[in-house]
Amino acid sequence: MKVIFFHADRFGFAVESPSERLGGATPEEVKSTVLNVEECLVALFHVEEADGNHQVRRLCKEIKRIAEKVGASRLVVAAFGHLSNSYALPSVAMEISRQVVEICCEWGYEVHTSPFGHNKTFVLHAKGHPDA
């Protein structure tokens, strides 16, 4: 699993269209076509072929560690299939994404995510401190 973090003043996305790279999997239902979140930790992660429960736990612990370090109570966590050449099956990546969101919610964070299986445009205004 690969992940990239940003401590952001602002993060947003707009859903553009369903992805054609889902190998027959059904994209998640779009609840909102636009999202804008202020003062948040953004974690964009790529689920690789061999990833499973161990990687989910490791990612969640890292999200929590960084959120505590930067003082973020608001998270944006989303699958982002652009960080590796190794891809999990879409159904596996979708389930792992759901688990990450669920765990972070259980920890008391305000968690936002983007619908899996859709092309989106992103807007990111990252902070400029060393841990951003």
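**Notes on helix α2 and the chain around it**

1. Start with helix α2, which covers residues 90-106: its 17 residues reach 24 Å from the first C-alpha to the last, close to the 24 Å expected at 1.5 Å a residue. Bear in mind that this is a predicted model.

2. Which residues of α2 are buried? They are P90, A93, M94, I96, S97, Q99, V100, V101 and C104. As for their partners, these buried residues pack against β2 (34-46), α1 (53-70), β3 (74-79) and β4 (110-112).

3. Have a look at what follows the helix, too.

4. Zooming out, the chain has two helices and five strands, and going along the sequence they come in the pattern β-β-α-β-α-β-β.

5. On overall dimensions, a compact globule of 132 residues would have a radius of gyration near 14 Å, and the chain's 14 Å agrees with that. The C-alpha trace spans about 40 × 30 × 25 Å along its principal axes.

6. How much of the chain is buried? Of its 132 residues, 42% count as buried. Take the contacts between residues at least 6 apart in sequence: 89% of them join residues at least 24 apart.

How values were computed. Residues numbered from 1 in each chain as written. Predicted model: local features only at pLDDT ≥ 70, side-chain atom pairs only at ≥ 80, totals over all residues. Heavy atoms only, no water. Helix = DSSP H or I, 4+ residues; strand = E, 2+ residues; numbered from the N terminus. Rg over C-alpha atoms; globule rule 2.2 N^0.38 Å. Buried < 20%, exposed > 50% of the residue type's maximum accessible area, 1.4 Å probe, protein only. Contact = heavy atoms within 4.5 Å. Expected span 1.5 Å × (residues − 1).
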